[in-house]
Amino acid sequence: ISREYHVTGNLLEAVTWGRLEVEAREYTFGKSDPRTRRAITSLNEIITARQLEVTFSETLAEKAVKLSDDEMVKSYDFDEVLIDVKEITWQLDPFGVPEPKRVDAVFRMIEALHGFETLKLKKETLLKFIYAVRRSYQTNSFHNWVHAWSTAHAAFLIVSSTQAGALLGPFGRVACYLTMLVHDLEHPGVNSQFLIASASPLALEFAAPNVLENMHWARAKALLRKGADTDILECLSDENRETVLVYMHTGIMATDMMKHKGIVGELEERANRATEGEEAYDGQCEEDRLEIIRAVCHSADLSAQGMTKGTAYAFGRGIFEEFYNQVICEKDENLEESVFMQNLDQPLAQAKAQLGFTHYVVTPLWSNLSTVFPELQQYMDRIEDRAAEIDFNNVQSWEGLHQGLIEGKRVSMTGMRRTNSKQKFDGEDGGEDQTPLQM
């Protein structure tokens, strides 16, 4: 019953019936029974979908009402604190944070980083910036506003809890945080390789091979253009403004997975220095600061597996869904299918993809990062725990499975329309009137 409600898009009823199913199975078969575990996995998946639905609905409603940012700023209570900065920890579930509290959390994190003093920032301008950033994210399964907020949250925790913050200095700290808020602006839910291979207009407008990162940076620069009402750098001197922009550009380009090997190599060298008792970085050296920004931003972008188990699995399902949909698009365009995205409607393929990503991508990055900054070791331990939870002798028991894909009943939670089986990626039929597909 729960899954049928899920298919028809009634996620509230789906959650209600899913909870009843879990209770019944626990009572009848016990918590460790595979049938109970599958029901729990399915319920968690539906809860995440419901949370995203609420977030997307609020964003789309904001577009539909078409209130001006000035009107929205007038109605905002800047004196009301909805979340204490002490609540903003690695335990915080980004999917479970209500949207008003999520916006307020941006204020609290920038405040904790002394961003208001550093940037001479006006609260009204920051709020307009946040709203514009949020509107710029499409309702993708993974590359959406919640992902951006979560990675900014991770960057905040890294720079505020380790020596990285002191090494970066005031501009570097706040730049890392702002970078992650904007690092995936207008992401279309497919990778640069697909855009290039399909001759997308985006691939003609922005330089290959990192088409998306160049596009994200262009969109971010538009928000920070002098004279724009979203220019949160408006009160800085030209010199300081340029410093922040260079830092943000460095951070955005570092989120390109093609830069992964190089960043891991840089971190490994720094980790070796730390292991030998040397200072890993020189806080007075600008090149070292840029290297730290690359490390922090890339690691924040790949931080989901270091969060709580439920959060890690929720983000994992989101990327499974986007990858699965990209393969459909590749078939539509008669393109070669991306091997690592294939067969993600099968449990074994999901488990292999997740373990491969965790073992070969996330672990080398975060193991070196946590060697340089030991305060992060407990989150590296979580990453190892996520990998250890995958048992290939009993894949069906893994709680990270995307049951909707496996059952063939839910293959898209994206806001991008499909027309005549062709996916639109360039906004030619999108923009503010986009509507989510049924989940």
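This is a predicted model: local features need pLDDT of at least 70, side-chain atom pairs count only at pLDDT 80 or more; totals for chains, interfaces and linings use all residues.
View 1. Thr-28 belongs to helix H2, which covers residues 11-29. The side chain of Thr-28 comes to 2.8 Å from the backbone oxygen of Ala-24.

**View 2. The lining of the largest pocket.** The largest pocket holds about 980 Å³ of space, and among the 43 residues that line this pocket, those closest to its centre are His-143, Met-257, Ile-319, Phe-323 and Phe-357. Sorted by class, the lining consists of 19 nonpolar, 19 polar and 5 charged residues.

**View 3. Helices around the largest pocket.** At least two lining residues come from each of the helices H8 (145-161), H10 (192-197), H12 (211-223), H15 (286-301), H16 (309-332) and H17 (347-372). Helix H16 gives the most to the lining, with 7 residues.

**View 4. The largest nonpolar core.** This core has 89 residues, and the members that touch the most other members are Phe-129, Tyr-177, Leu-178 and Trp-366. Helix H9, spanning residues 164-182, gives the most to this core, with 12 residues.

**View 5. The surroundings of Tyr-177.** When residues up to four places away in sequence are not counted, Tyr-177 touches Ala-105, Val-106, Met-109, Ile-110 and Leu-113, and also Ala-152, His-153 and Phe-156. Tyr-177 is also one of the residues that touch the most other members of the largest nonpolar core.

How values were computed. Residues are numbered from 1 along each chain as its sequence is written. Side-chain values use heavy atoms; hydrogens and water are left out. On a 1 Å grid over the protein atoms alone, a cavity is a set of points where a 1.4 Å probe fits but cannot get out, and a pocket is an open set with protein on both sides within 12 Å along at least five of seven lines; lining residues have an atom within 4 Å of a point. Grid points are joined across faces, edges and corners, and a volume is the space filled by probe spheres set on the points. Helices (H or I, at least four residues) and strands (E, at least two) are DSSP runs, numbered from the N terminus. Ala, Val, Leu, Ile, Met, Phe, Trp, Tyr, Cys and Pro count as nonpolar, Asp, Glu, Lys and Arg as charged, and the others, Gly among them, as polar. A nonpolar core is a set of buried Ala, Val, Leu, Ile, Met, Phe, Trp, Tyr and Cys residues joined through side-chain atoms within 4.5 Å. Buried means under 20% relative accessible area, exposed over 50%, partly exposed in between (1.4 Å probe, protein chains only). Contact means heavy atoms within 4.5 Å. A polar contact is a pair of N or O atoms within 3.5 Å; within protein, one must be able to donate a hydrogen and the other to accept it, and residues adjacent in sequence count only if both atoms are side-chain atoms.
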